[in-house]
Amino acid sequence: GNVDRFAFSVLWEVTPEAHIVDVEFHKSIIHSIAALTYQQAQSLIDKPDKDCKDDIQAGAVKRLASLSRKFRARRIDAGALTLASPEVKFVLDSESLNPTDVQAYTLYEANALVEEFMLLANVTVSKKILRHYPTLSVLRRHPAPNRSMFDGLIQKAKTRGVSIRIDDSKKLADSLDDAGKALKDDPYLDQLLRILSTRCMSPAQYFCSGEYQAKDWHHYGLAAPVYTHFTSPIRRYADVCVHRLLAAAIGVAPLPVFLSSKSHLHDLAANMNRRHRAAQLAGRASVQLHTLIFFAGGDGSEDDSGDGGGGTKEEDAYVLDVETSPNSEPSFSVMVPRYGIEGRVRLTKINGKDDECLVRDPENHRLGYKDPKTGKLLASVAVFDKVRVRIWVRKSRDRRELVVDLLEPQLLANPAAALKSKQSVKKEKKAAGPTSGGSASKKKKKKKQKTRQ
């Protein structure tokens, strides 16, 4: 903070009710009065108004927060989706750089504040470059999802009495909000539905405006007719291209020759889409590697001393999907909210082919186990159920594998042992019953005799 910085600025004149009166674009030098973390910005947002009279930073951040809430409400009313993803962050050891903790990434209102103004800038710039270069603009589109992509989630949601509608983004947003209210007893289920909805979406794509009709420029998730990436040129090449288009549009620089060719822009967009996908896969692989090191309890090497990470953990998890196909290995996938990770739970103590007590219920996305004598269902696991799991790393000579074992319900984790334990308890109670009952009746008789006396 307190430094001058070169910038490409979008300046809005805005009313207190967040209505945009005017907009300007400038190559600029800005003077930053502070560099804040999201937590620091949140503390300013939460600061009481009476304590902000002489605090320039707090006043500025609180005004931005007020405007962002109104911008956000307007976007959501237009049909923008509020989705989620299980992002995680690692706490690294200062010397070894091995992960000492892994946790789901915490979002604050300050995150939403920054997001709103970034979205507003991106939308505003996309409109500006389109006016000047209607066939040469680098934009980002998000196609509406096919119903077939949502069929699985719609069926799963129905098992919880929840209806997911995808006719358009507004109906999807409203149905997700309604689902959150219906599942309010467990707030994480709302987030889980939004995570699964995100996975049903088609990926967003960069494209050249001259290649598609205007109706196909639409961004489904943001409910925006046009959209681009402008705000992060330090980490995305698409933003660099958009900066050059905008600079040419406002007359401060000539348009580069390569941005004047639709065929070149087509190849450029295709390459950016490939690179974006590759970056996503690399990020996920990095998370998987660090997760493995953490649960292995060290650096994952052959001479691992086991004192650098978390080791084996027991946590609550939520069922995402259940394998109910005939003759398949009984299993289900889970999400562990504490660590933001997923894993496959395999019911290895149940023979999927020969165990007649195993109950597969594809219609309700459920696996169960019934009493071999009475046929009564003893335990079951269905999609969105909460279960208890153990997370550990299986080490072999040349590989490490993250394993998620079921702890509860125990009757599914190890039916034979659970039934045996249950029978033993029954026998003990039966054996103790008459004795305790007899002694109790003797005590009652003695009490009655004393009363009579």
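The following paragraphs describe the overall make-up of a predicted model of a single chain and then selected local features.

The chain comprises 453 residues, of which 40% are buried, and its secondary structure consists of ten helices and 14 strands. Confidence in the prediction averages a pLDDT of 88 over the chain, with 90% of the residues reaching 70 or more. In residues 299–308, however, the pLDDT falls below 50, although this stretch still has 18 contacts in the model beyond near neighbours in sequence.

Helix H8, which covers residues 262–296 and thus contains 35 residues, spans 51 Å from its first C-alpha to its last, close to the 51 Å expected at 1.5 Å a residue. Buried positions in H8 include Leu265, Leu268, Ala269 and Met272, and the run Thr291, Leu292, Ile293, Phe294, Phe295 and Ala296 is buried as well. In an α-helix, residues three or four places apart point the same way, because there are 3.6 residues a turn. Just after H8, glycine 297 adopts a positive phi of about 90°.

Strands E10 (residues 358–361) and E11 (residues 366–370) run antiparallel and are joined by four bridges, with valine 359 standing opposite glycine 368 of E11. The two strands form a hairpin in which four residues separate E10 from E11, and histidine 365, located in the turn, has a positive phi of about 50°.

The largest nonpolar core contains 34 residues, and within this core Phe332 and Val387 touch the most other members. When neighbours within four places in sequence are left aside, phenylalanine 332 is in contact with Val319, Asp321, Val322, Gly343, Arg344, Val345, Leu347, Val381, Val387 and Leu406. In soluble globular proteins, nonpolar side chains tend to be buried together.

Aspartate 174 is located in helix H5, which extends over residues 169–182. Because its relative accessibility is 28%, aspartate 174 counts as partly exposed, the limits of that class being 20% and 50%. Although aspartate 174 and alanine 80 are 94 residues apart in sequence, their C-alpha atoms are 9.9 Å apart in space.

Note on methods. Residues are numbered from 1 along each chain as its sequence is written. This is a predicted model: local features need pLDDT of at least 70, side-chain atom pairs count only at pLDDT 80 or more; totals for chains, interfaces and linings use all residues. Side-chain values use heavy atoms; hydrogens and water are left out. The expected span of a helix is 1.5 Å times one less than its number of residues. Buried means under 20% relative accessible area, exposed over 50%, partly exposed in between (1.4 Å probe, protein chains only). Two strands pair if DSSP finds at least two bridges between them. A nonpolar core is a set of buried Ala, Val, Leu, Ile, Met, Phe, Trp, Tyr and Cys residues joined through side-chain atoms within 4.5 Å. Contact means heavy atoms within 4.5 Å. pLDDT is the predictor's confidence in each residue, from 0 to 100.
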